[in-house]
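Welcome! Please take a look at the sequence and the 3D structure below, and keep both in view while you read.

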Amino acid sequence: MNVSRNLGFSLERAGHAGFTLVELSIVLVILGLLTGGILSGQSLIRAAELRSVGTEFQRYRTAVHSFRDKYFALPGDMSNATSFWTSLGGTGSDVTCQNTAATGAPTCNGNGNNQVFTSVVNNDEQLRFWQHLANAGLIEGSYTGVVGAAYVPGGNVGPSKLANSYWWTGTSTGTGAPALLFQLPAGGYFNIGNTGAVITTAGSFTLMPEEAWNIDTKLDDGKPGTGTVMSNKGNGTNTNCNSAAGIGPPGDVGATYSLTNSNKDCSLYSVRAF
């Protein structure tokens, strides 16, 4: 009996010394399901972010049109903004005002030339643009109207649900950074997916070519060089985002998105947005 009990005890210990093949299989299946669920969830989140771009674009575009209908001016460029929301300082139209960050409705004037561009200091109208829209109750949030240390979605530039992105806007006049970057015809534009400056490092944008193509197709013609929605060149000299010549479109009718590239080398912009 003692031998039997001892043998039973030994067999019991031996039976629990490791996992059986069945147990290992169950663990692997569970890990596979968890991994698949995580990856699937990430894909769904990214798909929702991409869908939001079109919705945001239409919302901001509508807000600008509503602003023009109400104030007969473009946000940021509005020359009598301080008459409605008081001045941050100085004359309301000078460097003193434009360099002052807003914490509420008080603001600064643009130069009223029907272009959202620099009037006194660098990017002042393009940043007051968002504050004026918020003051008019056409978008949510509170905007500083100045660059500060960085561009902050919802702080001085338009926020987006697209990860690590924000909205930038302005008017290309044929001179200045926006024209050098995008080579746009005159007209208002929205841009999403970069920092509003020339980026030369591959993978530094926030859209893969396939994602840019997807959004472009839904909003426009799916071509990076034509239509109202177009794409930048990527890192400037290579075909990372699309096959257009130079830094980017417009006008390159034959350009196509580099769909085999899985790096985030694209941003999108829309000419004639307002």
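Tyr60 counts as buried, because its relative accessibility is 3%; here buried means under 20% relative accessible area, exposed means over 50%, and partly exposed lies in between (1.4 Å probe, protein chains only). Before you go further, note that this is a predicted model: local features need pLDDT of at least 70, side-chain atom pairs count only at pLDDT 80 or more, and totals for chains, interfaces and linings use all residues. Residues are numbered from 1 along each chain as its sequence is written, and side-chain values use heavy atoms, with hydrogens and water left out.

**Aromatic rings**

- A pair of aromatic rings is described by the distance of the centres and the angle of the planes.
- Rings of Phe, Tyr and Trp (its six-membered ring) pair if their centres lie within 6.5 Å; planes under 30 degrees apart count as stacked, over 60 as edge-to-face, and the rest as tilted.
- By that rule, the structure holds 12 aromatic pairs.
- In one of them, Tyr60 and Trp130 have ring centres 5.1 Å apart and planes at 80°, so this pair is edge-to-face.
- Tyr60 belongs to helix α2 (residues 21-71) and Trp130 to helix α5 (residues 124-135), so their pairing ties together parts that are 70 residues apart in sequence.
- Is Trp130 buried or exposed? Trp130 counts as buried, because its relative accessibility is 0%.
- Phe67 and Trp85 also form an aromatic pair, this one tilted, with 6.4 Å from centre to centre and 40° between the planes.
- Phe67 lies in helix α2 and Trp85 in helix α3 (residues 81-85), so this pair ties together parts that are 18 residues apart in sequence.
- Phe67 counts as buried at 0% relative accessibility, and Trp85 counts as buried at 11%.
- Ring pairs also link Phe57, Tyr60, Phe129, Trp130, Tyr143 and Trp167 into a cluster.
- Tyr60 has a charged neighbour too: Arg59 lies over the face of its ring, at 5.4 Å from the ring centre. A charge sits over a ring if NZ of Lys or CZ of Arg is within 6 Å of the ring centre and within 35 degrees of the ring normal.

**Salt bridges**

- Side chains of opposite charge can pair when their charged atoms come close.
- A salt bridge is a side-chain nitrogen of Lys or Arg within 4 Å of a carboxyl oxygen of Asp or Glu.
- How many salt bridges does this rule give? The count comes to 2.
- Glu49 forms a salt bridge with Arg46, and their closest N and O atoms are 3.0 Å apart.
- Arg46 lies in helix α2 and Glu211 in helix α7 (residues 209-219), so the pair ties together parts that are 165 residues apart in sequence.
- Glu49 and Arg46 are both buried, and Glu211 is buried as well.
- Arg46, Glu49 and Glu211 are linked in a network of salt bridges.

**The whole chain**

- The protein chain has 7 helices and 5 strands. Helices (H or I, at least four residues) and strands (E, at least two) are DSSP runs, numbered from the N terminus.
- Starting at the N terminus, the elements run α-α-α-α-α-β-β-α-β-α-β-β.
- Of its 274 residues, 42% count as buried.
- Among contacts (heavy atoms within 4.5 Å) with a separation of 6 or more, 61% involve residues 24 or more positions apart.

**Places to find on the surface and in the loops**

- The accessible surface of the protein chain comes to about 13,500 Å², and 59% of this belongs to carbon and sulfur atoms. Accessible areas come from the Shrake-Rupley method with a 1.4 Å probe; for residues, only the protein chains shown count as cover.
- Lys223 sits in the loop between α7 and β4 (229-231) and is partly exposed, with a relative accessible area of 40%.
- Not counting residues up to four places away in sequence, Lys223 touches Asp216, Val229 and Tyr257.
- Lys223 and Ala255 are 32 residues apart in sequence and 6.8 Å apart in space, C-alpha to C-alpha.
- Thr55 is found in helix α2 and is exposed, with a relative accessible area of 52%.
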